[in-house]
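Please view the sequence and the structure together while reading.

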Amino acid sequence: MSGDNKKIIYSAMQPSGIPSLGNYLGALKNWKNLQDEYNCIFAAANMHAITVRQDPTELRQRTRDLIALFLSIGLDPEKHIIYVQSDVKAHAEIAWILNCFTYMGELNRMTQFKDKSAKHADNINAGLYTYPVLMAGDILLYQSDLVPVGADQKQHLEICRDIAGRFNSVYGNVFKIPDPYIPKAGARIMGLQNPEKKMSKSESDNMNNVIYILDEPNVIKNKIKRAVTDSDAEVRYGEDKPGISNLLNIYSSVTGKSPEESEAEFKGFGYGEFKEAVGEAVVKELEPIQSKFKEYSADRAYVEKVMKEGAEKAAYIAQKTLSKVKKKVGFPVYK
């Protein structure tokens with residue numbers, strides 16, 4: 001990584017499916033913009049993904065595809081670190097140590113565990129329960145200054161800070177206490193069919209609810225045409241108009257226009273014209289990424305080279321932290 005005086009920012013995404021437009025506008029697009037200001041570490045969090053049963057062949061492919069997608073949106077492996085979590089064994093080692101500094105009561109309060117347990121009632125495993133500890137390890141291994149977090153991840157960063165503070169209070173200043181990174185402008189994109197709920201890449205009940213980054217242009221346009229609206233036919237923001245407000249947010253996010261500019265642009269438009277314009281704007285934003293993704297997907301050797309070199313860079317940093325932690329807790333450390 002370049003620029004040693006820059007702060008370290010750590011970002012990770014699970015390879016549990018093709019990222020949605022919500023993942024892109026809420027996270028990935030911002031990641032690209034962080035690269036000039038910070039030393040960035042970008043991870044494909046495949047260890048987290050196996051808290052839910054995965055097909056091994058599919059998981060390997062999706063992991064490689066996620067790295068290819070990172071490259072396609074403009075993440076730079078020469079200046080920053082792009083790696084796969086399971087390729088750095090320090091993640092598993094530090095997770096066990098940090099488990100011993102995490103209280104059951106803290107894990108019992110995690111709302112995401114409750115939510116995922118309800119969705120996967122036949123597989124409520126210990127990994128799902130201790131997921132926040134592994135996530136804390138991900139962040140703390142790299143002495144991260146900042147972590148981009150959405151509303152659903154705030155609890156996880158809070159417990160990470162608590163674990164790090166507890167460890168430091170016993171053994172001295174071992175871990176840097178990370179702060180949340182709140183992007184200057186981040187979009188919260190809701191479902192097209194259910195605009196009361198965040199758009200999720202794990203949606204399987206209604207494919208029309210989600211736009212995926214790799215959806216074909218005609219698929220994107222048709223999904224937007226079918227998006228739920230309301231009966232008053234006016235394009236404006238309003239709590240009484242969640243569907244239209246969501247489409248305006250999507251349009252603003254992909255065009256770079258302010259919400260006020262977007263609302264003014266469509267004053268007097270019918271819903272049909274408005275949806276057509278939103279569809280065109282989304283396609284224009286995603287087509288260059290899709291084109292790059294096809295190129296990277298066809299060059300498997302290069303993508304795997306990025307993965308291997310990224311893992312080596314990540315492991316070098318992670319091992320320094322892990323060695324310090326092992327020494328502090330009393331494990332043998334050999335020269």
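This is a predicted model: local features need pLDDT of at least 70, side-chain atom pairs count only at pLDDT 80 or more; totals for chains, interfaces and linings use all residues.

## A buried tyrosine

Tyrosine 142 counts as buried, since its relative accessibility is 0%.

## The aromatic pairs

How many aromatic pairs does a search of the whole structure find? The search finds 13. One of them joins tyrosine 83 and tyrosine 142: the ring centres are 5.8 Å apart and the planes meet at 55°, so this pair is tilted. Tyrosine 83 belongs to strand β3 (residues 81-84), whereas tyrosine 142 lies in the loop between α7 (126-141) and β4 (146-148); the pair therefore ties together parts that are 59 residues apart in sequence.

A further pair consists of phenylalanine 101 and tyrosine 171. Their ring centres lie 5.9 Å apart with planes at 70°, so the pair is edge-to-face. The angle matters for this label because planes over 60 degrees apart count as edge-to-face. This pair also links distant parts of the chain, 70 residues apart: phenylalanine 101 is in the loop between α4 (90-99) and α5 (104-108), and tyrosine 171 is in helix α8 (residues 154-171).

Is phenylalanine 101 buried or exposed? Phenylalanine 101 is buried, at a relative accessible area of 15%. Tyrosine 171, at 24%, is partly exposed.

Both residues also belong to one aromatic cluster, formed by Phe101, Phe167, Tyr171 and Phe175.

Key: Residues are numbered from 1 along each chain as its sequence is written. Side-chain values use heavy atoms; hydrogens and water are left out. Rings of Phe, Tyr and Trp (its six-membered ring) pair if their centres lie within 6.5 Å; planes under 30 degrees apart count as stacked, over 60 as edge-to-face and the rest as tilted. Helices (H or I, at least four residues) and strands (E, at least two) are DSSP runs, numbered from the N terminus. Buried means under 20% relative accessible area, exposed over 50%, partly exposed in between (1.4 Å probe, protein chains only).
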